[in-house]
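I set out to record what I looked up in this structure, one element at a time. The entries follow in the order in which I made them.

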Amino acid sequence: MTMAGAQFGRYRLLELIGEGGMGRVYRAVDTLTNRVVALKVLHPRFAADPVSQERFRREAKAAAGLSTPHVVPIFDYGDIDGRLFICMQLLVGQGLDSLLAQTGPMPAGQAVHLVSQAAEALQAAHAAGLVHRDVKPSNLFVDPNGFVYLVDFGIAQAAGESGLTGTGGAIGTFAYMAPERFTGGVADARSDVYSLAGVLFELLTGRTPFPGAGLEQQIAGHLTQPPPRPSDSRPELGAGFDAVVAQGMAKDPARRFGSADELAAAATAALAEVAVSPQTEPGRPREPAAGGATPGRGRLLRIGVLATVVVAAVTAGVVYAMTRTSSHPATVHAQFTVADPQQPFDTKLAGLALDPAAHTAYTVDTKANVLRLYDTGTRSFTATVDVGKNPLDVALDTANHTAYVVDYDDETVSVIDTDTRAVTATFPAGSTPNAVAYDPGTHVLYVSNGGDQAVSVIDVKTRAVVKRIALDGRNYPNGIVVDSANHRVYVSYTFGPAVTVIDTESRTVTATIPAGKTASSLGLDAAAHLAYVGDSGDNTVSVIDTRSQKSLATVPVGHSPTSVAVDPAYHNVYVANANFSPVGTVSVINTESRTVVATLPIRGWPAKVVVDPGTHIVYVLDAYTGVSVVTPV
């Protein structure tokens with residue numbers, strides 16, 4: 001019997017969202033703060049078990065004592081009516097084991113990106129003198145933005161303690177457990193490094209390091225067999241990843257990497273060795289770059305069977321030109337220069353909004369908690385404005401020189417005067433806000449709320465939520481686009497197969513349009529009544545007639561389309577593809593032929609794309625290096 005619907009102290013339990021061996025996790029409301037939270041409650045059958053109680057308390061204390069964004073924030077813990085609980089931030093996403101089951105072996109860049117974040121969490125734990133002792137995919141939680149959290153510190157111990165319990169039983173998961181854990185040796189940070197190297201192997205290959213029908217075979221593998229080699233199943237990965245796994249999973253702890261950070265650095269170096277083209281998909285051979293060139297300036301790029309590629313170095317970057325067997329040659333703009341970011345720095349950027357008249361683009365830095373201003377003339381970042389915690393998106397009211405930033409952790413909107421570059425106000429934005437759009441005709445903000453599965457309608461004059469529009473299902477809204485002329489708002493989802501349509505006059509949901517497997521990004525041509533929906537589930541873009549709400553075409557693009565922008569005048573749609581490798585791409589779709597006419601390499605992990613309607617210059621935000629500039633020529 002669950003407690004869903006009950007009042008538990010100051011917490012109102014809304015629904016059961018997870019259950020493990022020791023506890024149940026509820027989506028709940030903290031009535032004191034009015035915050036939606038995740039509440040983990042010790043299972044009744046362990047209420048009288050002192051060992052289970054101690055593990056539960058240890059999990060709360062261990063996680064609460066760590067200062068890293070990759071461990072779930074703990075708001076409170078204790079007991080209510082004799083039941084132990086942990087109150088923590090509500091996360092939306094899935095375990096890495098579930099993600100792996102959906103994707104199979106991952107692109108090397110994606111695997112390294114995920115493991116590197118887990119390494120950052122372990123580094124913080126080890127610095128605090130803690131050994132996690134159960135590093136595995138199901139204890140790595142991935143949110144819709146690809147952000148990793150290390151969870152379940154229930155069996156964590158101080159470094160140097162034995163890997164055995166007092167009764168002689170090993171604690172942990174055998175598939176990833178270091179050899180010394182089976183033999184009574186000392187468990188320290190290198191035991192977690194061993195497990196993380198095993199996770200890296202599994203992400204690359206889709207199987208555990210030592211698969212076996214029984215526990216005895218798994219244990220024997222850890223104790224006696226050499227570390228597995230990723231290249232045995234994926235030759236394109238080369239010897240670099242073999243060496244990383246071999247050192248990370250060395251039988252002797254002294255021969256392993258000395259820290260989780262060292263493992264992540266070695267994996268990143270191995271990735272650089274194999275990344276000779278944008279193609280890093282598992283199970284598909286990489287095509288060598290023409291002339292043996294590596295990605296970057298001067299590289300030849302194959303852009304499709306209908307294209308002939310001509311490349312010449314120019315001062316702005318690289319020219320990508322093509323001739324097409326098109327019936328509309330006069331309307332095809334498929335020749336571009338690509339300029340890499342000029343100011344890469346250690347950060348994580350999200351959201352991108354453009355003010356063409358002010359020659360400024362705005363993006364948010366989720367690590368530094370600032371709004372960054374980018375000068376489109378000098379192509380450099382020029383200023384920052386402090387905002388709330390974990391900002392995820394930005395929208396502009398250019399007429400009134402105002403920027404609106406949604407702060408995920410604070411659940412607020414920061415209002416910035418773009419002339420004075422100062423925050424002038426903050427106001428509530430609903431539970432876990434992750435995207436924002438502004439309607440200049442009605443002076444209303446629309447904020448998608450992942451925690452509430454809703455859209456908040458906010459009057460910017462009164463700074464109040466005037467309506468919360470419930471969205472059907474549990475698909476996590478993460479993108480929102482306003483069609484002011486046609487009085488509509490379109491909502492895309494991280495996990496959902498459809499786009500939701502909201503009427504801005506009645507403020508009600510009027511339609512749900514099917515759009516592939518995972519309708520996760522959207523661009524709009526309002527005048528043509530067309531929506532272009534990026535589907536990260538099958539790597540396509542659906543062309544939707546917004547009047548008939550029917551799909552007109554499906555266009556294959558690159559791996560994991562994350563953002564879509566439309567330039568109606570040039571008949572182009574630009575699709576940012578993450579690719580999860582050091583080289584992402586932008587697919588250029590001609591709106592008349594509805595085919596990809598160019599595929600442009602973009603350094604890093606493209607997260608957002610916008611177009612200047614006046615100059616037709618395209619700005620592509622990489623989450624970790626800055627802004628690339630694509631110029632039609």
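I began with what covers the buried residues of helix 8, and found that the cover includes helix 3 (108–127), helix 5 (189–205) and helix 7 (238–248). I note that the model is predicted.

I then listed the buried residues of helix 8: Ala260, Leu263, Ala264, Ala266, Ala267, Ala270, Leu271 and Val274. Seen down the axis of helix 8, these buried residues fall within an arc of 165 degrees, so they line one face of the helix. I recalled that an α-helix has 3.6 residues a turn, so residues three or four places apart point the same way. On the other side of helix 8, I found Ala272 and Glu273 exposed.

I also checked the length of helix 8, which comprises 15 residues, 260–274. The span from its first C-alpha to its last is 22 Å, close to the 21 Å expected at 1.5 Å a residue.

**Strand 14**

I next looked up strand 14 (residues 336–339), where Phe336 and Val338 point one way and Thr337 and Ala339 the other way. I recorded all of them as buried. Strand 14 runs antiparallel to strand 41 (residues 626–632), and four bridges join the two. Opposite Phe336, I found Pro632 of strand 41.

**Glu411**

Is Glu411 buried or exposed? I found a relative accessible area of 18%, which is under the 20% cut-off, so Glu411 counts as buried. Glu411 sits in the loop between strand 20 (402–407) and strand 21 (412–417). Leaving aside neighbours within four places in sequence, I found Glu411 in contact with Arg35, Pro428, Ala429, Gly430, Ser431, Thr432 and Pro433.

Key
Residues are numbered from 1 along each chain as its sequence is written. This is a predicted model: local features need pLDDT of at least 70, side-chain atom pairs count only at pLDDT 80 or more; totals for chains, interfaces and linings use all residues. Side-chain values use heavy atoms; hydrogens and water are left out. Buried means under 20% relative accessible area, exposed over 50%, partly exposed in between (1.4 Å probe, protein chains only). Contact means heavy atoms within 4.5 Å. The expected span of a helix is 1.5 Å times one less than its number of residues. The arc is that of the directions from the helix axis to the C-beta atoms. Two strands pair if DSSP finds at least two bridges between them.
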